[in-house]
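Have the sequence and the 3D view open as you read.

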Amino acid sequence: MSWDPEALRGTPVNPDAAISVRGLTKRFGDFSAVDGIDVDVPRGQVFGFLGPNGSGKTTTIRMLTGTIAPQAGQALVLGEDVIRHPERAKRRIGYMSQKFALFEDLTVDENLRFYAGVYDLPPERFAAQRRYVLEMADLIGRENELTANLSVGWRQRLALGAATIHDPELLFLDEPTGGVDPVARRQFWDLLYDLASRGVTLFVTTHYMDEATHCNRLAFIYRGRLIAEGSPQQIRRDFISQRILEVSVGDPDAALQWLEQAEGVAEAYLSGASLHAVIGSGAQGRDELAPWLTGRMREAGFADVRAVEVDPTIEDVFVNLVSRQP
Ligand SMILES: Nc1ncnc2c1ncn2[C@@H]1O[C@H](COP(=O)(O)OP(=O)(O)OP(=O)(O)O)[C@@H](O)[C@H]1O
Ligand SMILES: [Mg+2]
């Protein structure tokens, strides 16, 4: 394994990075929601911050945006110390929050005006930014529509527009595509690429593993700790040595139960409509893994089973990493 979770510990924070964090810790009572995170996010990148529910993603963003104070650690955002001077970087960053982003009882235009007011945009800059945002979000002609009447996909685009009305250098997006259908998610990611191509650094949380491949770099957080960090390619290469079979079968529930007990299978889980079986160390060296497993599953009564060896996905890596945690 080449990623070392301790590598940055004790090194100085990096003022050239978009975000540089050492030992960042947030406790609520006795509970550490974020537990000593060390990470550098280079400028101009799309950085994916991945983790299951309750792993500390939103809490991390709230500390980095200067919304809440940590108990320990250091954090530079665009070179500014956000713990000592939370207001200094505020006008240079944007934040599309997970829960609240827009007033539903305001129109499209009124929402944009509200955010422009938050950032004190002068009228001529607002006029230019407003035009840019309406074009980007494909909302020209809908300026006077009530936000509540927009579909979820449009609303997310408007929220992105509102979060970027002041043309920030760094944008935090907390699960921006939650509840959005796959087509609208794709369109939303096209907008994010657009921002990235203009040099904006994006810090995006998600638990959609397919979105991870859209990022230049990824970090996995689990129970408040980073358990992996790197480019999607590095993470795939470095974090999984096991071989994986994708198993299609008529009764996946029964097959999953069987695989979980099967000798030679280290791990089995649902992946989309099929199952993934991580092959244990004992059987790793076999040449013909797929016929070996299908043969055994047919004997066990799964007549329609098909298996094929696949490259590990980001999701495979994550499941694998989590299963190794104490
Ligand atoms: N203000 C608070 N007081 C007490 N506990 C909190 C508070 N905010 C968050 N937590 C707890 O901290 C942990 C991390 O929460 P956080 O919201 O950062 O997770 P998350 O990764 O964003 O999850 P999700 O994917 O569900 O949004 C959770 O167990 C949560 O219940
Ligand atoms: Mg959250």
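What does the domain assignment of the protein chain give? Domain 1 (19-237) and domain 2 (241-324), with bounds taken from an automatic or database domain assignment.

## Ground rules

This is a predicted model, where local features need pLDDT of at least 70 and side-chain atom pairs count only at pLDDT 80 or more, while totals for chains, interfaces and linings use all residues. Residues are numbered from 1 along each chain as its sequence is written, and chains are lettered from A and ligands numbered from 1 in the order in which they are written.

## The overall picture

The protein chain has 10 helices and 14 strands; these are DSSP runs (helices H or I, at least four residues; strands E, at least two), numbered from the N terminus. Of its 326 residues, 40% are buried, meaning 20 or more other C-beta atoms, placed from the backbone, lie within 10 Å of the residue's own.

The centres of domain 1 and domain 2, over C-alpha atoms, are 36 Å apart. In the contact, domain 1 puts in 11 residues and domain 2 eight (C-beta atoms, placed from the backbone, within 7 Å). On the domain 1 side, α7 gives the largest share, three residues. That side has nine nonpolar residues, one polar and one charged. Here Ala, Val, Leu, Ile, Met, Phe, Trp, Tyr, Cys and Pro count as nonpolar, Asp, Glu, Lys and Arg as charged, and the others, Gly among them, as polar.

## Around ligand 1

The shell around ligand 1 includes F28, A33, K57 and Q98, using a C-beta atom, placed from the backbone, within 6 Å as the cut-off. Helix α1 (residues 57-64) gives the most, three residues. By type, the shell has two nonpolar, eight polar and one charged.

Terms used
Buried ≥ 20, exposed ≤ 12 C-beta atoms within 10 Å, placed from the backbone. Contact = placed C-beta atoms within 7 Å.
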